[in-house]
Amino acid sequence: MFISYQEFEENLSRVQASILAAEQKSGRLAGSVRLLPVTKNHPVDAALYAFRSGLKSVGENRVQEALSKMDDADSAMGWELIGPLQSNKAKKVAECFDRVQSVDRAKVAKALQRYASEAERNLGVLLQINAGADPNKSGASLEEASALMECALGQSNLKIDGLMTIAPLDDDPAVARACFAALRKCRDRLEASFGVILPELSMGMSGDMEAAIQEGSTMVRVGTALYGKRDYA
Ligand SMILES: *Cc1c(COP(=O)(O)O)cnc(C)c1O
């Protein structure tokens with residue numbers, strides 16, 4: 001059974017309080033970190049709850065799942081793709097999503113460019129970097145980041161807002177924190193070498209939000225802490 005709206009509101013208050021506490025602890029302005037609710041594997045109600053509470057964008061992992069929810073949600077809702085993207089889905093994604101956080105190789109950037117251009121859209125993107133060098137995670141390596149950036153900058157219908165990473169799962173919180181610091185430094189290097197501004201650092205999830213905020217996250221992507229576990233029996 002999916003949670004009630006009241007339970008969602010309670011969870012949301014807790015998550016917002018943790019974000020605020022982490023902002024304060026790291027000397028950052030209140031409100032400098034945005035919350036992206038992650039609705040994957042949950043019914044469309046998860047997105048409806050978010051919208052009703054004033055959170056106007058959600059993150060989804062799978063293209064097909066997101067497309068079917070879009071029909072049932074408010075047309076003002078924003079949809080961000082945070083999961084791996086096959087280039088054969090690029091057309092739908094370029095047409096229907098508001099931003100793609102998972103651009104991890106040149107082929108994907110070029111496919112999105114082609115279809116965004118055909119649809120006469122400008123599409124916001126983040127480059128996904130495997131900053132923790134985790135063999136289980138997708139994302140360009142830190143070494144590949146510069147080449148990927150160069151390619152993405154050449155795509156006139158893509159607007160590169162910043163970088164995204166998923167930290168390795170590890171009992172030691174220092175591992176996630178080092179990954180987040182590495183993403184921030186990668187962003188700083190790319191800004192300096194390409195003379196661009198990359199304001200968005202999408203990093204931190206339910207289990208590692210605080211470390212991410214301490215290292216400069218501007219957007220945390222939170223599923224479990226808002227909606228509970230995803231494994232429905
Ligand atoms: C599922 C997912 C999240 C949310 O994870 P939780 O641990 O449930 O908060 C965040 N980012 C990505 C890319 C995800 O796939």
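**Loop, core, pocket and rings**

Me: First up, where in the chain does Asn 130 sit?
Reply: Bear in mind that this is a predicted model. Asn 130 belongs to the loop between β5 (123–128) and α6 (145–153).

Me: Is Asn 130 buried or exposed?
Reply: Leaving aside neighbours within four places in sequence, Asn 130 is in contact with Lys 137, Ser 138, Gly 139, Ala 140 and Thr 165. Its relative accessible area is 10%. The cut-off for burial is under 20%, so Asn 130 counts as buried.

Me: And how does Ala 106 count, going by its relative accessibility?
Reply: Ala 106 lies in helix α5 (residues 106–118), and it touches Leu 148 and Cys 151, not counting residues up to four places away in sequence. Its relative accessibility is 29%. Buried needs under 20% and exposed over 50%, so Ala 106 comes out as partly exposed.

Me: How far apart in space are Ala 106 and Ala 140?
Reply: In sequence, 34 residues separate Ala 106 and Ala 140. In space, C-alpha to C-alpha, Ala 106 and Ala 140 are apart by 9.7 Å.

Me: Which residues have the most contacts inside the largest nonpolar core?
Reply: That core has 71 residues, and its largest share, seven residues, comes from helix α7 (residues 173–194). Apart from it lies another core, of seven residues, including Leu 36 and Met 219. Inside the largest one, the residues with the most contacts are Leu 35, Val 100, Leu 112 and Leu 127.

Me: How much space lies in the largest pocket?
Reply: By class, its lining has 13 nonpolar, nine polar and eight charged residues. The volume of the largest pocket is about 670 Å³.

Me: Which element gives the largest share of that pocket's lining?
Reply: There are 30 lining residues, and the closest to the pocket centre are Ile 166, Ala 167, Leu 169, Met 205 and Asp 208. The elements giving two or more residues to the lining are α7 and α8 (209–214). The largest share is three residues, and it comes from α8.

Me: On to the rings: is the pair of Tyr 5 and Tyr 49 stacked or edge-to-face?
Reply: Tyr 5 is in helix α1 (residues 5–25) and Tyr 49 in helix α2 (residues 45–52), 44 residues apart. Both are buried. Their ring centres are 5.4 Å apart with the planes at 75 degrees. Planes over 60 degrees apart meet the cut-off, so the pair is edge-to-face.

Me: What is the angle between the planes of Phe 8 and Tyr 227?
Reply: This pair also links distant parts of the chain, with Phe 8 in helix α1 and Tyr 227 in helix α9 (residues 224–227), 219 residues apart. Phe 8 and Tyr 227 are both buried. The pair is stacked, with 5.3 Å centre to centre and a plane angle of 15 degrees.

Me: Which residues do ring pairs link into a cluster?
Reply: The count of aromatic pairs comes to six. Ring pairs join these residues into a cluster: Phe 2, Tyr 5, Phe 8, Tyr 49 and Tyr 227.

Me: Last one: what covers the buried residues of α2?
Reply: The buried residues of α2 are Ala 46, Ala 47, Tyr 49, Ala 50 and Phe 51. Just after α2, Gly 54 takes a positive phi of about 105 degrees. The cover over those buried residues includes α1, β1 (34–37), β2 (57–60), β3 (78–81) and α9.

Key:
Residues are numbered from 1 along each chain as its sequence is written. This is a predicted model: local features need pLDDT of at least 70, side-chain atom pairs count only at pLDDT 80 or more; totals for chains, interfaces and linings use all residues. Side-chain values use heavy atoms; hydrogens and water are left out. A nonpolar core is a set of buried Ala, Val, Leu, Ile, Met, Phe, Trp, Tyr and Cys residues joined through side-chain atoms within 4.5 Å. Buried means under 20% relative accessible area, exposed over 50%, partly exposed in between (1.4 Å probe, protein chains only). Helices (H or I, at least four residues) and strands (E, at least two) are DSSP runs, numbered from the N terminus. Contact means heavy atoms within 4.5 Å. On a 1 Å grid over the protein atoms alone, a cavity is a set of points where a 1.4 Å probe fits but cannot get out, and a pocket is an open set with protein on both sides within 12 Å along at least five of seven lines; lining residues have an atom within 4 Å of a point. Grid points are joined across faces, edges and corners, and a volume is the space filled by probe spheres set on the points. Ala, Val, Leu, Ile, Met, Phe, Trp, Tyr, Cys and Pro count as nonpolar, Asp, Glu, Lys and Arg as charged, and the others, Gly among them, as polar. Rings of Phe, Tyr and Trp (its six-membered ring) pair if their centres lie within 6.5 Å; planes under 30 degrees apart count as stacked, over 60 as edge-to-face and the rest as tilted.
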